[in-house]
Amino acid sequence: MNVRPRASLARVLDDLGTTLLDLAHGDPARVRDIGGVVIYDPLDAPVLPRHALVLGVGVESPERVTGLLRELGEQDAAGLVLRAPVPLTDEVRSAAERSGVALLGLSRGAPWGHLGEMLRSLLAEGDVGFEEAESLGGLPSGDLFAVANAIASLLDAPVTIEDRNSRVLAFSGRQDEADASRVETILGRQVPERYARVLRERGVFRDLLRSEMPVYVDSVLHADEGLTLPRVAVAVRAGDEVLGSVWAAVTGPLSEDRMVALRESAQLVALHMLRVRAGADVQHRLRADLLRTALEGDEGAGEALGRLGLAGQPLQVLGVALDERAPSGRHAPSETAQDRERLTGAFALHLGAVHPRSAAAAIGDVTYGLLPLAGAAEDAESHALRIVQEFVDRVGRRLPTLAAVGPVALDVRDLAGSRTTVDRVLRVLREGRGGRTIGVLDELQGEALVMELRDIARARGDAPTGAVARLIDYDRRHGGNLLGTLRVWLDSFGDVTVAAESLFLHPNTLRYRLRRVGEVGRIDLADPEQRFAAMLQLRVLPPEALPDVSGE
């Protein structure tokens, strides 16, 4: 698999600077490669990869900044991003110099999520193998920021590359030379609605879809902003499919040579966008294959964990699946497949925010996650339950979800057993009547064992015998419900009053029926072994082997 090496902090500032990020203090050349992007959580100390770029969401006061810089210096972080303006007091400067951590400021108005997405598009995750990077048109394959800068040089104008929904995928430098609308587009990663509305009214989007030539867009007058710069845009196509578009903020119409250059550049952009798509697909498939190999616990499990960056450490297996019991979960097969894909992506993103070296991939209809153990083993289960509870709450009604937590796997041999445990719990949640959405085997083992015994009985074709068989035969011949009476009484722990209320009977009537159960079934209800044998048959024999014994 070909991937780009991770970007340096200087490269990040070159591509995202002046618009999203500014260097407030420090040396961006100190760290050559950024090891990952981590969101700082003061309530749950993050586990940092080496040379991490940390997003300090909500960290504002000089005291908190100073303390965080001290922590990040101990973990060899590359940089700390704070919301601008960065509080550069003498104490903060001194802490930054001692720690060696560069301080960066995120522009006001730019969402943290937008910055995270842009950073992920810049940083190649080399965790599943690395080979020499390939190139397209002399530029690193899939590097849309490098492509945007190259086009900007050709046109002598700041450029954005956008998807079909006018979301910014990459942008060139010199965006400060454009107008307020362009800056707002970069900060929000989306063309402002008021500007997009004007473009729709003018038929610009329609013309882009119809034409292979660049489209010139005159200035737009806004009451608060004045005139925008004109734009020149061209659709990015792969055959009949429109992948997105390239937009340049210009001072006037381009020369014929530059119009041709922009049109030809769109073909190069298409190749890079297809490479990004193909690379993501390949990486997802590769991670799924590696995760499957690791969870199966065969000879290649150790190597698979190594390629995932998870070897030599305790791991916890988590599993999530669509809750198809929920009304919103009953879709057509194509919609269900899309929901599962969204669920997998959301779960991978969620785990990535918890631990930078976590891994997640879909295998069948279950998305499994491998989470490195961050704290004490005795706290692992409660920590994992909080993680999946937060995820289930977050996806909410949009993606009704079931989640299971397996036991800690201390080595590669334990992984297959932990996955099996997750599968057992998910089955109980799917088939259970209590409406639970999250579980661990400690709480659900009894139900899991009953389901597995039912599988064995069904596979062998087991039929009712003894007292249960005699009661079934009697009920069929006489239209009675002695078997239902027995089941309700057993489920009521032998409490006649409770059982009678459940069946809407007088207690004396229920006592009479229980005597008939004993006589017809030839069962001693005072004998715990005989009671257990009857209860086991009623629980374990598959439903098709028994009549309706609900008692209703």
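Val405 has Val440 of strand E19 as its bridge partner. The structure is a predicted model, in which local features require pLDDT of at least 70 and side-chain atom pairs count only at pLDDT 80 or more, whereas totals for chains, interfaces and linings use all residues. Residues are numbered from 1 along each chain as its sequence is written, and side-chain values use heavy atoms, with hydrogens and water left out.

Strand E18 (residues 401-409) pairs with E19 in the parallel sense over three bridges; two strands are taken to pair if DSSP finds at least two bridges between them. Helices (H or I, at least four residues) and strands (E, at least two) are DSSP runs, numbered from the N terminus. Both E18 and E19 belong to an open sheet of five strands with mixed pairing, ordered E16-E17-E15-E18-E19.

The protein chain contains 19 helices and 19 strands. Of its 552 residues, 48% count as buried, where buried denotes under 20% relative accessible area, exposed over 50%, and partly exposed in between (1.4 Å probe, protein chains only). Among the contacts (heavy atoms within 4.5 Å) in the protein chain with a separation of 6 or more, 63% are accounted for by residues 24 or more positions apart.

A nonpolar core is defined as a set of buried Ala, Val, Leu, Ile, Met, Phe, Trp, Tyr and Cys residues joined through side-chain atoms within 4.5 Å. The largest nonpolar core has 49 residues, and those with the most contacts inside it are Leu16, Leu20, Leu21, Val81, Leu115 and Val246. Helix H5 (residues 144-155) gives the most to this core, with seven residues. A second, separate core of 32 residues includes Ala304, Val366, Val425 and Leu441. Apart from its neighbours within four places in sequence, Leu16 is in contact with Leu21, Leu115, Met118, Leu119, Leu122, Phe145 and Phe171.

In helix H10 (residues 301-308), the buried residues are Ala301, Ala304, Leu305 and Leu308. Viewed down the axis of H10, they fall within an arc of 100 degrees, so they line one face of the helix; the arc is that of the directions from the helix axis to the C-beta atoms. Gly309, which follows H10, has a positive phi, near 75 degrees.

Three aromatic pairs are found in a search of the whole structure. Rings of Phe, Tyr and Trp (its six-membered ring) pair if their centres lie within 6.5 Å; planes under 30 degrees apart count as stacked, over 60 as edge-to-face and the rest as tilted. The rings of Phe145 and Phe171 have centres 5.5 Å apart and planes at 70 degrees, so the pair is edge-to-face. This pair links distant parts of the chain, with Phe145 in helix H5 and Phe171 in strand E9 (residues 168-171), 26 residues apart. Both Phe145 and Phe171 are buried.
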